[in-house]
Amino acid sequence: MGLLDGLKSALGMKAEADATRDADPEDLFGMSTAYMTMEADLGFEPAGAAALCFAEVDSTDFEDAVENVEAILEAGEVETGTEARFTTDDHGYEWVVLADDDPEDLVTSIHFAADEFIERGYGSRLLAAVFAFEKGDRVAYWVYSFRRGKYYPFAPEGDHDRHNQTEIKLQSVLDGELTVEPDKEYWYPLWPDRPGNHPWE
């Protein structure tokens, strides 16, 4: 499992230094309508998966915050059926991985998790929220950068290539419905270890 080498710098320190506004977990609710546009206008259907990436802190208080997030998501699973699991990738980043065929439930669960971290004073540890879509054998993602407070598209192709045409199309159709990052320097790729896997795998 893994991300782009140097992700901490990419989605973390550099993005934070260049941040144009504070991240707002309410931004995540933009995906509640965006997924319908993705399907209706672009033919990309929700893949039934989303994830929250964060950097761990070596402290008991942070461990308590993570346990609170787990408890919130476990309680939510009873009501919505959203399955949650926690995993660590090969680069040491933590992921809350969610599975649910209802994209509304995925958005709500990601928001609950992010909001809990922020309420506990660990908003700075949040790196990205990732929402997966698929169209035939093509997969594309909307990535929300907490340090930039903006979304950007990521469409992996093959090993370490990107389908730029798809990313530009997603930007042109969803810009305005989502707060899309205008500076492509911040469209960081989240490479999985093996082509075809999700970034958190």
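This briefing describes the sheet, the helices packed around it and the aromatic pairs of one structure. The model is predicted, so local features need pLDDT of at least 70 and side-chain atom pairs count only at pLDDT 80 or more, while totals for chains, interfaces and linings use all residues. Residues are numbered from 1 along each chain as its sequence is written, and side-chain values use heavy atoms, with hydrogens and water left out. Helices (H or I, at least four residues) and strands (E, at least two) are DSSP runs, numbered from the N terminus.

**The sheet**

- Six strands form an open antiparallel sheet, in the order β2-β3-β1-β4-β5-β6, where two strands are taken to pair if DSSP finds at least two bridges between them.
- The edge strands, each pairing on one side only, are β2 (83-88) and β6 (150-154).
- Neighbouring strands of this sheet are turned by 20° against each other on average, direction ignored; axes are lines fitted to C-alpha atoms, for helices over the stretch in contact, and angles run from 0 to 180 degrees between N-to-C directions.

**Strand β5 and its two neighbours**

- Strand β4 (residues 126-135) and strand β5 (residues 138-145) run antiparallel and are joined by eight bridges, with A129 having Y144 of β5 as its bridge partner.
- These two strands, β4 and β5, form a hairpin with two residues between them, and G136 in the turn has a positive phi of about 65°.
- On the β6 side, five bridges join β5 to the antiparallel strand β6, and S145 stands opposite K150 of β6.
- The hairpin of β5 and β6 has four residues between the strands, and G149 there takes a positive phi near 70°.
- Six of the eight residues of β5 are buried, so this strand is largely enclosed by the rest of the structure; buried means under 20% relative accessible area, exposed over 50%, and partly exposed in between (1.4 Å probe, protein chains only).

- Helix α5 (residues 164-174) lies across β5 and β6 and runs at about 55° to β5.

**Helix α2 and its contact with α5**

- Helix α2 (residues 31-42) packs with α5 at an angle of about 115°, the axes being 11 Å apart.
- The crossing of α2 and α5 is right-handed; a crossing is left-handed if the near helix is turned anticlockwise from the far one by less than a right angle, and right-handed if clockwise.
- The contact is made by A34, T37, M38, D41 and L42 on the α2 side and by K169, L170, V173 and L174 on the α5 side.
- These contact residues divide into six nonpolar, one polar and two charged, where Ala, Val, Leu, Ile, Met, Phe, Trp, Tyr, Cys and Pro count as nonpolar, Asp, Glu, Lys and Arg as charged, and the others, Gly among them, as polar.
- Within α2, the residues M31, S32, A34, Y35, T37, M38 and L42 are buried, and what covers the buried residues of this helix includes β1, α4, β4, β5, β6 and α5.
- Just after α2, G43 takes a positive phi of about 80°.

**Aromatic pairs**

- A search of the whole structure finds 12 aromatic pairs; rings of Phe, Tyr and Trp (its six-membered ring) pair if their centres lie within 6.5 Å, and planes under 30 degrees apart count as stacked, over 60 as edge-to-face and the rest as tilted.
- The rings of W95 and W200 have their centres 5.9 Å apart and their planes at 55°, so this pair is tilted.
- Because W95 lies in strand β3 and W200 in the segment after α5, the pair ties together parts that are 105 residues apart in sequence.
- W95 is buried, with a relative accessible area of 0%, and W200 is likewise buried, with a value of 2%.
- Y141 and W200 form an edge-to-face pair, at 6.4 Å centre to centre and 80° between the planes, linking Y141 in strand β5 to W200 in the segment after α5, 59 residues apart.
- Ring pairs link W95, Y141, F154, W191 and W200 into a cluster.

**A84 in strand β2**

- A84 is found in strand β2 and counts as partly exposed, at 33% relative accessibility.
- Leaving aside residues up to four places away in sequence, A84 touches L73, V97 and L98.
- A84 and E70 are 14 residues apart in sequence and 8.0 Å apart in space, C-alpha to C-alpha.

Key: Contact = heavy atoms within 4.5 Å.
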